[in-house]
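Try each task before reading its solution.

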Amino acid sequence: MNSTEMHRWVGDVEAFGSTYWRREPAVFDTAPPPPMSLDDIDAALAGGTLRSPHVEMVRAGKDMALKEYTEAGEVGSKPVVGFADSTAILALLQKGATLLLRNTEQWHRPTAELVARLADEVGRRVEAFFFVTPPGGQGLAVHRDDADVLLLQVAGSKRWTVRSGPPDHHWQAGEVSGDAGPVLLNATVTKGQVLYIPRGYAHSAVGDQGLSAHLSLTVREIGGLHLTRAIPRLLCEGVRLPARPLEESGLLESASRLLEAARERLATLEPCDLVRYARVMQRDQKLNNTEPASVARFAEQLTE
């Protein structure tokens with residue numbers, strides 16, 4: 001975990017890895033530069049293209065009806081629903097609801113760049129969510145996330161309660177209906193501070209002073225299903241076979257080559273190799289680290 005981006009968020013990365021990672025929640029006074037501000041949110045809402053499900057309003061753990069904060073529009077004379085209604089969103093915020101912007105890395109370039117850097121450093125899939133909560137408001141009920149979470153308080157402050165982790169390997173992400181375990185951390189997180197919540201640790205928050213805005217980076221982890229999916233790809237990757245053998249003998253020959261390659265690789269495959277490969281698969285499914293295509297650059301090339 002020796003990394004530049006993680007250092008901005010938690011300070012001493014080695015100490016963080018040995019003391020807190022997957023063990024204990026903590027608050028850090030590191031003040032990394034936020035990729036998104038309240039002004040950026042205003043601009044995105046005013047732009048007229050932000051839609052559900054990237055925009056969501058929640059209150060006390062319940063999703064609010066789309067009709068309460070979105071409106072219909074037209075694209076090329078075709079009716080389209082779900083566009084964010086900034087006036088309705090502000091009115092709901094004033095009444096105690098929380099604005100949740102999902103996967104901001106998918107539509108906000110600076111956030112996408114931050115997520116890409118962190119994903120490369122930790123070798124896992126990372127996603128970004130932005131929460132805006134008025135004083136006294138609570139968007140989500142006590143819940144567990146299937147991810148390690150790094151929260152940067154961008155504006156205002158928020159009171160957090162973090163409880164213990166799951167009792168066994170059979171836990172589910174989502175709202176906790178029964179006993180969430182003993183409280184491990186009670187803290188008011190203020191502007192510039194970072195809160196770390198280990199994967200699966202139950203938590204909840206209430207808006208404190210001013211309009212609270214925080215960026216939540218979720219560092220996803222693989223599970224049994226990811227390992228199962230990785231095995232065939234890892235054992236067969238790079239084996240070239242004819243697409244459509246005409247005879248039974250050709251099909252049997254292809255099967256023989258495939259099994260031979262799989263046996264050779266399986267003989268030297270270690271558990272850590274499978275875990276590493278599965279993490280890469282999961283990360284690359286949702287994250288494109290290549291340079292984005294550029295229409296402007298294409299135009300320049302035509303005139304060169």
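**Exercise 1: a strand and its partners**

T161 stands opposite S204 in β14. The model is predicted, so local features need pLDDT of at least 70 and side-chain atom pairs pLDDT 80 or more, while totals for chains, interfaces and linings use all residues. Residues are numbered from 1 along each chain as its sequence is written, and side-chain values use heavy atoms, with hydrogens and water left out.

Task: find which strands pair with β10 in the antiparallel sense.

Step 1. Locate β10 at residues 157-163; strands here are DSSP E runs of at least two residues, helices are H or I runs of at least four, and both are numbered from the N terminus.

Step 2. Follow the bridges, remembering that two strands pair if DSSP finds at least two between them. Strand β12 (residues 183-190) joins β10 over seven bridges, with R159 opposite T188.

Step 3. Check burial (under 20% relative accessible area, 1.4 Å probe, protein chains only). Five of the seven residues of β10 are buried. In β14 four of five are buried, so this strand is largely enclosed by the rest of the structure.

**Exercise 2: two helices**

Task: describe how α6 and α7 pack.

Step 1. Helix α6 (residues 224-236) meets helix α7 (residues 248-268) at about 105 degrees, with axes 8 Å apart.

Step 2. That makes the two helices roughly perpendicular, a class covering 65 to 115 degrees.

Definitions and conventions: Axes fitted to C-alpha atoms, helices over the stretch in contact; angles between N-to-C directions. Parallel < 35°, antiparallel > 145°, perpendicular 65-115°, else oblique. Buried < 20%, exposed > 50% of the residue type's maximum accessible area, 1.4 Å probe, protein only.
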